[in-house]
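Subject: Structure handover

Hello,

Here is the structure I promised to pass on. Please open it beside this email. My notes follow below.

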Amino acid sequence: MDYRKLDAALGRAVGAGDADPAARDLLVLVRLTEPPSQAQLEQLRRAGVNGTAGGRTVLTGTLSRRDVETLSEQPWVRSLSLSGSRRPL
């Protein structure tokens, strides 16, 4: 896993020793270096990333710890962040 691509909160969540590595329970913001290719889109979809249409470079999804590890090792993924709940201003 490339921990340099994870924010501190996601690093702690992934490192939680008692969690199932296959459970999709992490809401993650994925930032890409450029709009994804078709093969990259497929990998993102399999990992549980939403909104993969339209050439976007910032996507969200509910990922497992294993998916976070896999995506963090991809050169076309710039960063991964744990997404928090939104609050009104």
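Start with strands E2 and E3: 2 bridges join them, and they run antiparallel. Strands here are DSSP runs (E) of at least two residues, helices are runs (H or I) of at least four, and both are numbered from the N terminus. Two strands pair if DSSP finds at least two bridges between them.

Before the rest, some ground rules. This is a predicted model, where local features need pLDDT of at least 70, side-chain atom pairs count only at pLDDT 80 or more, and totals for chains, interfaces and linings use all residues. Residues are numbered from 1 along each chain as its sequence is written, and side-chain values use heavy atoms, with hydrogens and water left out.

On confidence: pLDDT is the predictor's confidence in each residue, from 0 to 100. The protein has a mean of 88, and 93% of its residues reach 70 or more. Among the elements, E4 has the highest mean pLDDT (96) and E2 the lowest (88).

**The sheet**

The sheet is open and has 4 strands, in the order E2-E3-E1-E4, with antiparallel pairing. Its edge strands are E2 (49–50) and E4, each of which pairs on one side only. E1 and E3 run antiparallel and are joined by 6 bridges. E1 (residues 26–32) also pairs with E4, again antiparallel, over 5 bridges.

Asn 50 lies in strand E2. It counts as partly exposed, because its relative accessibility is 46%. The classes are: buried under 20% relative accessible area, exposed over 50%, partly exposed in between (1.4 Å probe, protein chains only). Leaving out residues up to four places away in sequence, Asn 50 touches Leu 59, Thr 60 and Gly 61. Contact means heavy atoms within 4.5 Å.

Which side chains of E3 point to the buried face? Leu 59, Gly 61 and Leu 63 do.

**The core**

A nonpolar core is a set of buried Ala, Val, Leu, Ile, Met, Phe, Trp, Tyr and Cys residues joined through side-chain atoms within 4.5 Å. The largest one has 18 residues, and those touching the most other members are Leu 10, Val 28, Val 30, Leu 44, Val 68, Leu 71 and Leu 80. Helix H1 (8–14), E1, helix H2 (38–47), strand E3 (58–63), H3 and E4 each give two or more residues to this core. E1 gives the most, with 4 residues.

Take Val 68. Not counting residues up to four places away in sequence, it touches Met 1, Leu 6, Leu 10, Val 14, Leu 26, Val 28, Leu 63 and Leu 80.

**The helices**

In H2, Gln 40, Leu 41, Gln 43, Leu 44 and Ala 47 are buried. They are on the same side of H2, because they cover an arc of only 165° around the axis. The arc is that of the directions from the helix axis to the C-beta atoms. Gln 38, Ala 39 and Arg 46 are exposed on the other side of H2. The cover over the buried residues of H2 includes E1, E2, E3 and H3. Gly 48 follows H2 and has a positive phi, near 105°.

The buried residues of H3 are Arg 65, Asp 67, Val 68, Leu 71 and Ser 72. They fall within an arc of 160° seen down the axis, so they line one face of the helix. Their cover includes H1, E1, H2, E2, E3 and E4.

Gln 74 sits in the loop between H3 (65–72) and E4 (77–82). Is Gln 74 buried or exposed? It is buried, because its relative accessible area is 18%. Its side chain reaches the backbone oxygen of Thr 70 at 3.3 Å. Beyond four places in sequence, Gln 74 touches Lys 5 and Gln 43. Its C-alpha atom is 9.5 Å from that of Gln 40, 34 residues away along the chain.

Best wishes

Conventions
Polar contact = N/O pair within 3.5 Å; in protein donor to acceptor, adjacent residues only side chain to side chain.
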